[in-house]
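Dear colleague,

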Amino acid sequence: MFRYISYRLLPPGGACVCSCHTIRQLQPLRTGHVISNKQGRSSTLNIIYANTYSSKSNTVNTAVSKKSRWRRLGLPAGAGLALYGGYRQFFYVEKEEIKLAKNWHVTLYRKMPLKAISRLWGRFNDLHLPVFLRHPLLSIYVWMFGCNLSEAEIEDLKHYRNLGEFFRRQLKSHVRPIDDAHSLTSPADGKILHHGQVKNGVVEQVKGVTYSLRGFLGPAWQRTRHGEDINHLSDKEYQERLGVKPGHRLYHTIIYLAPGDYHRFHSPTQWSIQHRRHFPGELLSVSPGVARWVQGLFNFNERVVYSGTWEHGFFSMTAVGATNVGSIKIYCDEELTTNNSRKQPHGTYFDKSFSNPISFNKGEMFGEFNLGSTIVLIFEAPNDFDFKIENSKKIKFGEAVGTCSPEEADAGKQT
């Protein structure tokens, strides 16, 4: 049994409209109003505002303009920005000076039909390949993205009936040993975009470029059933209300999966899931180059946030969608569907609470992407939590991310 709830995030002063997929007719409602459909499921409306921030200050970047202006600019301008986004994805220089996209750049980039393109790409991935074409075509992909076939459980490319099966290939059991000496390990193969402490409710997606924790996670899931409104909260106040215990801090780690990486991801620690929140947002590229260009990138994109607890308190793992990621699949949550064709108002999200928490062991299989994307870990840990990773460095599934001293761990369990 679970509770399925829909919300919409709107700017302050915006019209309050229910966007739940179970309601056929949209009706203006007040915050916290509860409605029911014929099947007896209930939907609660709440409003928050997902902020993006200037790198120089904590001010909101609204990017609001008249629709007619964007219509005159049309598809060519958006296509040009999409091409530039592709350039940022594959040819950016990592140590180049950060030059953030302007508001109109981001607005036009978001107007590109990237979700439709990604759905087409997903269908292409599932096209059955004749046996005689499998090796030559898949070999091109292996060469382009540097895939290590010797690690694959099945090395013969003729075995993979389509490109999607190759993306989701399993690895040999011995090539990714799980580090048991550290409390937190990498959930996937990839590159560390950024890691560190979350301060004042603002998270760095890469060094010097941030996004709002409030916009990324939304209202605390324990309070959403009561219609919590967090519009009045600053980012610092929002973080304080997450209930981090004394002597603990909030940390984060962002791992980018490139197209050539192993596309399955695993549990990074022993923890239990109590809640899932699905934001059906955009599918902008999440490559390091674009992450250095688009402020608040992860708050725009479709993402699935799984929240619960581990030995030190709050723990969440988020799978972030991206361009050409046809879908995100979570093995314990078969009802989840991503990259749907139905257009949802910006900021809509759907909640699912698990009445019986789902427990995971470290290294246990969790889900898969259809192409490279991003995993974001946000978690509570003692003050002396020690990261064992470096930004911009490659990491493999099962390798150490960080740990804390046994003394701090024991103290945390007693509180």
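A salt bridge is here a side-chain nitrogen of Lys or Arg within 4 Å of a carboxyl oxygen of Asp or Glu. Arg161 counts as partly exposed because its relative accessibility is 45%, whereas Glu165, at 19%, counts as buried; buried means under 20% relative accessible area, exposed over 50%, and partly exposed in between, with a 1.4 Å probe and protein chains only.

Please keep in mind that this is a predicted model, in which local features need pLDDT of at least 70 and side-chain atom pairs count only at pLDDT 80 or more, while totals for chains, interfaces and linings use all residues. Residues are numbered from 1 along each chain as its sequence is written, and side-chain values use heavy atoms, with hydrogens and water left out.

By the rule given above, the count of salt bridges comes to 16. Another of them joins the side chains of Glu155 and Lys172, at 2.6 Å from N to O. This pair links distant parts of the chain, since Glu155 lies in the loop between helix H4 (131-145) and helix H5 (163-167) and Lys172 in the loop between H5 and E4, 17 residues apart; helices (H or I, at least four residues) and strands (E, at least two) are DSSP runs, numbered from the N terminus. Both partners are partly exposed, Glu155 at 40% relative accessibility and Lys172 with a relative accessible area of 24%.

A further salt bridge is made by the side chains of Arg176 and Asp189, again with an N to O distance of 2.6 Å. Arg176 sits in the loop between H5 and E4, and Asp189 in the loop between E4 and strand E5 (190-197), so the pair ties together parts that are 13 residues apart in sequence. Arg176 is buried, with a relative accessible area of 7%, and Asp189 counts as buried at 6% relative accessibility. These two residues also belong to a network of salt bridges that links Glu151, Arg176, Asp189 and Lys396.

Strand E4 also takes part in an open sheet of three strands, in the order E4-E19-E17, with antiparallel pairing. The edge strands are strand E4 (184-185) and strand E17 (386-387), each of which pairs on one side only. E17 and strand E19 (residues 400-403) pair in the antiparallel sense over two bridges, and two strands are taken to pair if DSSP finds at least two bridges between them. Within this pairing, Phe387 has Gly402 in E19 as its bridge partner.

Elsewhere, Ser316 is placed in strand E12 (residues 313-320) and counts as buried because its relative accessibility is 0%. Leaving aside neighbours within four places in sequence, Ser316 is in contact with Leu217, Trp271, Val305, Tyr306, Ser307, Val376, Leu377 and Ile378, where contact means heavy atoms within 4.5 Å.

For the protein as a whole, there are ten helices and 19 strands, and buried residues make up 54% of the 415 residues. Of the contacts with a separation of 6 or more, 77% are accounted for by residues 24 or more positions apart. The accessible surface comes to about 19,300 Å², of which 53% belongs to carbon and sulfur atoms; accessible areas come from the Shrake-Rupley method with a 1.4 Å probe, and for residues only the protein chains shown count as cover.
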